[in-house]
Amino acid sequence: MPGYFLHTLDDTDSTNIECKKMAENGSAEGLIVQALSQSLGRGRRGRSWSSPKGNLYFSMLLKPKCSVSKALGISFVSAVAMCDSLGALLPPMVEVRVKWPNDILINQRKCCGFLVESSSDSNGNVKWVIMGAGVNVESFPENVDYPATSLSFEGSPNLALREVLLSFLRHFKRWKNIWEEEGFSPIREAWMERSIGMGKRITANLVEASYTGIFSDLNADGSLLMITDGGKKVVITSGDIFPELEV
Ligand code: BTN
């Protein structure tokens with residue numbers, strides 16, 4: 001696909017680590033590092049990401065001309081694009097949703113996660129952003145913090161990794177253009193339409209505390225606004241959320 005350069009590895013420690021090395025060595029925007037397996041797959045908040053062969057692991061190098069705080073939008077662009085892309089690959093009527101900030105759930109179980117990392121210069125402008133994604137295509141781990149699933153389990157067996165990647169890239173290109181031309185507002189709208197838990201009761205686990213209450217808004221900077229059961233407004237910028245399961 002024009003604008004992207006794919007670098008495929010059989011096995012690596014982590015595609016984010018590889019992509020970061022290549023970014024520091026001057027690689028151009030659009031580089032995608034894909035690995036068939038990872039020995040040190042990394043997740044958000046210091047967790048590991050189970051990375052056996054059969055699933056999709058890739059990291060994309062981006063160089064948006066903006067501040068690091070604005071570049072956070074990429075995380076939401078990616079989530080919306082992946083939600084649309086997986087929805088198109090799965091049988092009709094299968095429920096695909098985003099869980100704050102950028103997990104993708106199928107039938108309320110996690111199928112994809114993103115690890116977005118960035119580096120900035122002394123003025124706070126972005127040097128590079130690395131958007132790493134793991135998609136459970138064939139298998140999913142048991143005994144993880146959040147119940148997991150795979151595309152295969154949810155009704156789309158035998159998908160080629162290349163097909164899943166290309167589908168994501170098509171949707172990503174479209175949503176990234178919208179973000180560049182119109183800003184975060186349409187991305188926020190699209191994210192909210194696809195989200196799980198908005199307006200409903202959730203529990204948010206932060207490093208320092210845990211809150212339960214209503215997920216009442218996605219702020220313009222991507223943070224989550226919660227009204228706790230005690231009536232307090234809490235702005236969440238980092239943490240894990242657990243929506244109440246819908247039956
Ligand atoms: C999460 O939900 O915790 C984020 C998971 C991100 C995993 C992907 S797999 C490709 C890339 N390389 C890594 O080491 N992590 C990301």
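When I call a residue buried, I mean under 20% relative accessible area, while exposed means over 50% and partly exposed lies in between, with a 1.4 Å probe and protein chains only. This is a predicted model, in which local features need pLDDT of at least 70 and side-chain atom pairs count only at pLDDT 80 or more, whereas totals for chains, interfaces and linings use all residues. Residues are numbered from 1 along each chain as its sequence is written, and side-chain values use heavy atoms, with hydrogens and water left out.

Let me start with the aromatic rings. Rings of Phe, Tyr and Trp (for Trp, the six-membered ring) pair if their centres lie within 6.5 Å, and planes under 30 degrees apart count as stacked, over 60 as edge-to-face and the rest as tilted. On that basis, a search of the whole structure finds 8 aromatic pairs. How exposed is F153? F153 is exposed, with a relative accessible area of 55%, and F140 is partly exposed, at 22%. Elsewhere, F58, F114, F168 and F172 form one aromatic cluster.

Next come the charges placed over rings, by which I mean that NZ of Lys or CZ of Arg is within 6 Å of the ring centre and within 35 degrees of the ring normal. K70 lies over the face of W179, at 5.7 Å from the ring centre, and the charged end of K99 sits over the ring of Y146, 4.5 Å from its centre. K99 belongs to strand 4 and is buried, with a relative accessible area of 3%. Leaving aside neighbours within four places in sequence, K99 is in contact with L105, Y146, W191, I196, I241 and P243.

At what angle do the axes of helix 4 and helix 5 cross? The axes of helix 4 and helix 5 (residues 184-193) come within 7 Å and cross at roughly 135°, where axes are lines fitted to C-alpha atoms, for helices over the stretch in contact, and angles run from 0 to 180 degrees between N-to-C directions. Helix 4 and helix 5 are therefore oblique to each other, given that angles under 35 degrees count as roughly parallel, over 145 as roughly antiparallel, 65 to 115 as roughly perpendicular and the rest as oblique. On the helix 4 side the contact is made by W175, I178, W179 and E182, and on the helix 5 side by F184, P186, I187 and A190.

Within helix 5, the residues F184, I187, R188, A190, W191 and M192 are buried, and what covers them includes helix 3 (73-89), strand 4 (96-99), helix 4 and strand 9 (210-218).

Now to the backbone. Most residues other than glycine have a negative phi, and most peptide bonds are trans. The peptide bond from W100 to P101, however, is cis, with omega near -5°, and P101 is placed in the loop between strand 4 and strand 5 (103-106). M93, although not a glycine, has a positive phi of about 80°; M93 is found in the loop between helix 3 and strand 4 and counts as exposed at 84% relative accessibility. N143 likewise has a positive phi, of about 55°, without being a glycine, and N143 is exposed, with a relative accessible area of 82%.

I will finish with C111. Not counting residues up to four places away in sequence, C111 touches L86, I104, I106, G134, V135, N136, T149, S150 and L151.

Note on methods:
Helices (H or I, at least four residues) and strands (E, at least two) are DSSP runs, numbered from the N terminus. Contact means heavy atoms within 4.5 Å.
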